[in-house]
Protein chains: 2
Amino acid sequence: MTTQTKGRQSIAFAQPVSILSGASMVGQKEGEGPLGDLFDCICQDPMFGTESWEQAESTMQKETAQLALGKAGLTKEQIRMIFAGDLLAQSIASSYGLVDLEIPVYGLYGACSTMGEALSLAAMAVAGGYGEYILALTSSHFGSAEKEFRFPLGYGNQRPLSATWTVTGSGACVLGRKGGKACITGLTTGKIIDYGLKDSMNMGACMAPAACDTILRHLQDFCRQPEDYDRIITGDLGKIGQRILFDLLEEKGCDIRQQHMDCGLEIFDAEEQDTHAGGSGCGCAATVFASYVLPKVETGEWKRVLFIPTGALLSKVSFNEGQTVPGIAQAVVVEQERKA
Amino acid sequence: MTTQTKGRQSIAFAQPVSILSGASMVGQKEGEGPLGDLFDCICQDPMFGTESWEQAESTMQKETAQLALGKAGLTKEQIRMIFAGDLLAQSIASSYGLVDLEIPVYGLYGACSTMGEALSLAAMAVAGGYGEYILALTSSHFGSAEKEFRFPLGYGNQRPLSATWTVTGSGACVLGRKGGKACITGLTTGKIIDYGLKDSMNMGACMAPAACDTILRHLQDFCRQPEDYDRIITGDLGKIGQRILFDLLEEKGCDIRQQHMDCGLEIFDAEEQDTHAGGSGCGCAATVFASYVLPKVETGEWKRVLFIPTGALLSKVSFNEGQTVPGIAQAVVVEQERKA
């Protein structure tokens, strides 16, 4: 057993973990956005052929898992375990989505940071020798998320400009010991950070402090500067969260303006598509990563990126009880695979 | 990197992972049960000094984490990461319970199997060299769980005899490379198993097939017999689930009647305490493990046990939409530490 810890909260893998494939499936609105051409599959039916939003999300997650397996040239029997989760209460999108795959599962809850958490744990598992091929998977669905956290869609209630639009999408990656064109070389585990904000319609602001904390800790642990990354990619901070992140980092003497990209700001054309502050949801970071970020690293256009999905930790109950909305951010370092 | 996989779904650690401490905190009813003398702390106030069931559960989780740290002689700064989760939507008991600890966190959702999942991932992380000390933690609370899944307590609705009683309790273990009197030597990752049952008031029946699947897979992967264990300990199958588990295993030619113990059947005196089929909830398996199972392994009264918390994967929404209740079971092998 080699100690692979780095600094206070990070891990640097002695042997990088290969990303064998990335797959993404989205809904119609995401397909009409700026990244529309990049997704593997766009489903025009928001119900994905099922009878409820929840079943729709489960179906999307199952199909995306199978896409990722197919792109990696693997059968489900070859996948040792899955790390997966979603936004719904008791993670039901994952539970019902994964049952037919008959693959061992560890269920996660990290709100919209789930893809960062799933990639982190899957990479730790591969590097630890616990499985040759491991799947990281997550999803969100606009309909199921609005029902879970906000108002019935039929109300047509108005949304403040600080609100984000939950992405209907699922992203999956198969990790393995070798064979991909990109790899995970390290990670930084996030702390739960609570600045006392309570506005669930401004989740970017709630999550920005967590993104700031994880980014600073990551740079310290690895003794790196923002310039050491081609992109520093948050999950779904949106317009307002991004501005707050820049301000918070600036107070600490750190400027990532040149490198920063936010998946929530990439996936929709906010003005044209009326999505206000940007996209959000577990599926936002996951689909943008699989469809847009990963190929750019694989081709070497970006040599090294820091991918940091951010999550807002709240529930209907905690919101109704007047609780704050803490955030969490889980970071992974993704680099082009170097040939041995 | 050594391959530590065993069979199809299991891991055998090349270097066993030490359990440095176990801590448990419960409510009054659990304190009055057969294991009352064994828990570290019994809180007479069901609100744990707070204003809501959810905050009560968060407080209990935080206190239990600190108890486990104290018993291991560690400060929170020495804990590299926490694996934690609970039953509530979006795992809010954990999110709000852990924020003050300022320790990096990976959030889990495994329903009542969470302690098995947390111990598994914490052991994998320690054995992988990702941290010297790692905390596995979970909780449940009768009040918050009834509110989350069933009816407001004030209704006083009647419960069928197949129903279980959610344990108010939190259990935590600190894992590390060495120094404890017990250790985790292996694990088996569970699949989601769905036999099509839909009765959320009979969760033992819903979870028994998953327990059966994980136990059989474990014995096959490790080439062991039930007799190789002093106890095979499920989480919260209760009376009915236990009977179904025995029947299902018998069909496969496996008899664990001599070794089987169910935490849900141990924690309450069902007749005296009117808890029907037994105790349940993440806190059931976790508190019984920390207070009762672990000390027996530490003293060598039991040399080797298989601990398999079981989870019923449902939500209010999935239940109301007429979905089935799949189950999952995560197994860890706990043995007395052998002196090198």
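Predicted model: local features only at pLDDT ≥ 70, side-chain atom pairs only at ≥ 80, totals over all residues.

How many residues does helix H6 of chain A have, and what distance does it reach from its first C-alpha to its last?

Tutor: Helix H6 of chain A, residues 203-222, has 20 residues and reaches 28 Å from its first C-alpha to its last. That span is close to the 28 Å expected at 1.5 Å a residue. H6(A) is mostly covered, since 17 of its 20 residues are buried. The residue that follows H6(A) is Cys223(A), which has a positive phi, near 50°.

A helix of chain B may be set beside this one. Helix H2 of chain B, residues 53-72, also has 20 residues, and it reaches 29 Å from its first C-alpha to its last, close to the expected 28 Å. Of the 20 residues of H2(B), 16 are buried, so this helix is largely enclosed by the rest of the structure. Gly73(B) follows H2(B), with a positive phi near 70°.

The domains of chain A come next. The domain assignment divides chain A into domain 1 (17-176) and domain 2 (182-336). Taken over C-alpha atoms, the centres of these two domains are separated by 18 Å. Their contact takes 47 residues from domain 1 and 52 residues from domain 2 of chain A. On the domain 1 side, the elements of chain A that each supply at least two residues include E2, helix H1 (28-31), H4 and strand E6 (133-140). By class, the residues of that side divide into 23 nonpolar, 19 polar and 5 charged.

Glu337(A) lies in the segment after strand E16 (331-336) of chain A. With 18 other C-beta atoms within 10 Å, Glu337(A) is partly exposed. Leaving aside neighbours within four places in sequence, Glu337(A) is in contact with Ser18(A), Gly180(A), Lys181(A), Ala182(A) and Cys183(A). By contrast, Thr168(A) is 169 residues from Glu337(A) in sequence and 30 Å from it in space, C-alpha to C-alpha.

The two chains also meet each other. In that interface, 56 residues of chain A are in contact with 56 residues of chain B. Among the elements that give two or more residues to the chain A side are strand E2 (10-27), strand E4 (81-86) and helix H3 (92-98) of chain A. H4(A) gives the most to that side, with 5 residues. The chain A side has 27 nonpolar, 21 polar and 8 charged residues. Because 100% of the interface residues of chain A are also interface residues in chain B, the copies meet through the same surface.

Chain A can be laid on chain B with an RMSD of 0.0 Å by a turn of 180° and a shift of 0.0 Å along the axis. The two copies are therefore related as by a two-fold rotation axis.

Not counting residues up to four places away in sequence, Ala123(B) touches Phe13(B), Val17(B), Leu175(B), Ile184(B), Leu187(B) and Val332(B). In soluble globular proteins, nonpolar side chains tend to be buried together. Asn157(B), in the loop between helix H5 (142-149) and strand E7 (165-166) of chain B, is exposed, with 10 other C-beta atoms within 10 Å. The C-alpha atoms of Asn157(B) and Gly264(B), 107 residues apart along the chain, are separated by 22 Å.

Note on methods. Residues numbered from 1 in each chain as written. Chains lettered and ligands numbered in written order. Contact = placed C-beta atoms within 7 Å. Helix = DSSP H or I, 4+ residues; strand = E, 2+ residues; numbered from the N terminus. Nonpolar A, V, L, I, M, F, W, Y, C, P; charged D, E, K, R; others polar. Least-squares fit on C-alpha atoms with pLDDT ≥ 70 in both. Domains from an automatic or database assignment. Expected span 1.5 Å × (residues − 1). Buried ≥ 20, exposed ≤ 12 C-beta atoms within 10 Å, placed from the backbone.
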